[in-house]
Amino acid sequence: MAELKLQEYNKGESNSKASSKGSNLSTKCAKLVKQQRARIYILRRCATMLLCWYIHGDD
């Protein structure tokens, strides 16, 4: 009976480790997505500014 409880406890530990590993992975992915979106935003703003300078610079 004690062995059965120990096995059930170990199964619960492995499930919690797997779920924390999955949440850790999703957190890392969320951070990477946020960084990439910020970089794309900055590049888009720079490209827009350069285009405006190019178009209106001939005046």
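Me: What does buried mean here, and what share of the chain counts as buried?
Reply: Buried means under 20% relative accessible area, exposed means over 50%, and partly exposed lies in between (1.4 Å probe, protein chains only). Of the 59 residues, 0% count as buried. This is a predicted model: local features need pLDDT of at least 70, side-chain atom pairs count only at pLDDT 80 or more, and totals for chains, interfaces and linings use all residues. Numbering runs from 1 along each chain as its sequence is written, and side-chain values use heavy atoms, with hydrogens and water left out.

Me: Why is Met49 called partly exposed?
Reply: Its relative accessible area is 41%. Partly exposed is the class between buried and exposed, so Met49 is partly exposed.

Me: Where does Met49 sit?
Reply: Met49 is in helix H1, residues 2-56. A helix is a DSSP run of H or I with at least four residues, a strand is a run of E with at least two, and both are numbered from the N terminus. The chain comes to 1 helix and 0 strands.

Me: Why is Cys46 called partly exposed?
Reply: Cys46 has a relative accessible area of 36%.
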